Amino acid sequence: MEVSWPGIRLDITHACEVTGISARAAELQARGRGRWSDLSILEPASREALRRALGRPESFALALELQGNGRENAVHLHCAGHWQAARRLHVCQMADTSDLHRTQSATDHRLSMLQEMVDGLPLLIIQLDTGPWLRCAFASGALLHLVTSQTAGAVGRDALTLFGPRIYANLQGLLPQCAQGQAVPFAWHVTDTEGKARVLEGHLRSLFDDAGNASGHLIDALETTAYHETMSELRLSETRLRRFVTASSDGIVVHEGHQVVDANPSACRLLATTADALRQRRFADLIAPESRQAYREREGRASHDAFECDLVDSAGARVAVELIGRSVQRQGRQMQMAILRDVRDRKDTQARIQKLITDLRSQMERAESADRAKSLFLSAAGHDLRQPVHVIGLFLSSMEALVQSPRLQTSTLEEVTNRMRSSLDTLSRLLNSLLDISRLDANAVAVHPSPLSLGALFGDIEADFAESAIAKGLRLDVVQTSRWVRTDAVILRRILDNLVSNAIRYTRQGRVLVGARTRGDSVEIQVWDSGIGIPSDQFDAIFNEFYQLQPAADSAGGLRGLGLGLSIVKRSARLLGAALKVRSTLGRGSMLSITLPRCDSAQPSETTVAKTLTPGNMHAGFTRRHVLVIDDDPTVLLAMQELLQAWGHEVWCAASADEAIVLAISQSAEIDLVLSDYHLGQDINATEFIDAIRACILRPVPVYIFTADTSAPVARELQERGLSVLHKPVRHDALQWVLEQGLP
């Protein structure tokens, strides 16, 4: 029956019959699994233990666990069973100890982990209680086996049984010295299982609770066998010590009661003084003020760990050292020896390493920033690259409609073709700008400075840009000059092409002027325009990728550039080591210039002329070529064949290296030009078979390699083989120049 007893209470007869339960017990039964009546609410082991206890007419105490709550939420009860002989039953009163049980389990787990950790350390730690037998409360450390054979069951044993008579007597003598809370040092000489003598040095200290009462004694020790063996050797021979001290590369200072008594030559050199001068000083005074406290804290310890500090030499300069303290016997007296190791070089090295790490981190941040900039770069390029493709697609659709028209007008077809070519040229120019940026970023552009005639270069520029200027209604004035500069002709031509094309693009009316002025030992090449001008606060920004002052219509079909021209100019000028200058008045025009070293005119054989593949450099006469074309892409191969045949040339096409060699053998007397793609699939490139092609042809013929790879290794490889390169996409006028000029 249910009664109103407080707490958890059960009345259970000798036959395990439950005659009464409290409200709290009923509540547990409602939330648990099973019933109190047959004890099924308990875990099997707890149920069996309780039944055994109930079977005896005596009081008992048990730890019980309710059934089915899981390990994390287990309910633990402490059961106190009181035997009432008059009633012939047990009155079981229970307390919920779940929280206590979980806390104890967690504590036991932590203690177990701590025990495992300490057991692996090369030390000895033992805690004794304050009773008369000094029983062991805790024992751990890898050195425990050196002082007792009871390592498995050390806890609970008295000190005499644990350590034996000799160490026990030593402890009894040390305990009175610990009464004031002092750590008392000791040294134990023991013998290991192999019969080898070992030395343990440590401290014995008393532990006190918050009330100031002694709660135990703690022993901690380290093995100092090697140290004592070394010191024994030093004590055996004063001469050996003197030789060691004198010859040591480390500084050594011996002092007694802090008064310096001797110093070796290395210490004298380190402190820039003499041994006699050092003997007049206290060793602690040699240590920099901020390091003295740390030295004093280590001085009284039995261990001899090294620590870094600063010494002060005779001139007052700081000397970074690693200091190691040793106790020595000299002439029968106990002294201290300080070993001073100069660590200035190490600190300098560490500082350099830290600086290197800082620099690397800075470079990594710059690389990440550059990567983000590249993402923005490609995102911004998307529209301008798709635009000419879109235009070409529209013109192709127009051409298809014109071809199907019953009245096909040649003039209309020619106009569509010209506009398609203009759009294709724009796309090619955009891609070439991206390739230029890529090659400059990859350091794939080699600089070959040589004397260059600005007069010849200016003539080419005037011929190339005159048509573009006229198309926009502008006047292009190129002031001829007889000046010469020393620079890389190809890179300078790229710079001037971008400056002039930019000037034409951003000038609505007026003129563009190109000229050169002497500036001492240098020549300043200037490009003036009467265009929109540049705000003074944007002089630096205009050299960033994709930066445009405002949408500027390109003369070529109304399509805009990518805003890469001045970025290419800046990077190319950096390659040449040339200075760029910007002057501008908003709304009235701008002047951009590059300054190069002046030189005397060169002999014709020394002159390097920038050979740009443009219509202005093409011969007017037509030369019929017999061309071997090699490309593994059938579409490209067919397009090349139809284009070259339409231009009046004879063409043989090969889709692989093997086909090319067969054609070179069969048509060896006819072939006078070879055009080959660099990559032919299956990891084959042109340099692996082009020598075989040349060997099959009866006479030397020009060989041109088409590639979109602008990396430095590929450029060097092709240059070493003496192969001319055309970077994709190849303009039609550049291809015509190759066909009409051959090798330069």
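In this predicted model, Phe163, Phe186 and Trp188 are joined into a cluster by ring pairs. The structure as a whole contains three aromatic pairs.

**The parallel sheet**

Five strands form an open sheet in the order β24-β23-β25-β26-β27, and their pairing is parallel. The edge positions belong to β24 (650-654) and β27 (724-727); each of these strands has a single partner, so one side of each lacks a neighbour in the sheet. From one strand to the next, the twist averages 20°.

Strand β23 (residues 626-630) runs parallel to β24 and is joined to β24 by five bridges. Within this pairing, Val629 has Cys653 of β24 as its bridge partner. In general, the strands of a sheet pair through backbone hydrogen bonds, in either a parallel or an antiparallel manner.

**Helices on the sheet**

| Helix | Strands contacted | Angle to β24 |
|---|---|---|
| α18 (residues 657-666) | β23 and β24 | about 145° |

Which residues of α18 are buried? They are Ala657, Ala660, Leu663 and Ala664. Viewed down the axis of α18, these buried residues fall within an arc of 125°, and they therefore line one face of the helix. An α-helix has 3.6 residues a turn, so residues three or four places apart point the same way. The buried residues of α18 pack against β23 and β24, and also against α19 (690-696). On the face turned away from this buried side, α18 carries the exposed residues Asp658, Val662 and Ile665.

**A buried loop residue**

Elsewhere in the chain, Thr224 occupies the loop between β10 (214-223) and α6 (225-236). Is Thr224 buried or exposed? Its relative accessible area is 14%, and residues under 20% count as buried, so Thr224 is buried. Leaving aside residues up to four places away in sequence, Thr224 touches Val199, Leu200 and Glu201.

Definitions and conventions
Residues numbered from 1 in each chain as written. Predicted model: local features only at pLDDT ≥ 70, side-chain atom pairs only at ≥ 80, totals over all residues. Heavy atoms only, no water. Pairing = 2+ DSSP bridges. Helix = DSSP H or I, 4+ residues; strand = E, 2+ residues; numbered from the N terminus. Axes fitted to C-alpha atoms, helices over the stretch in contact; angles between N-to-C directions. Contact = heavy atoms within 4.5 Å. Buried < 20%, exposed > 50% of the residue type's maximum accessible area, 1.4 Å probe, protein only. Phe/Tyr/Trp six-rings, centres within 6.5 Å; stacked < 30°, edge-to-face > 60°. Arc of directions from axis to C-beta.
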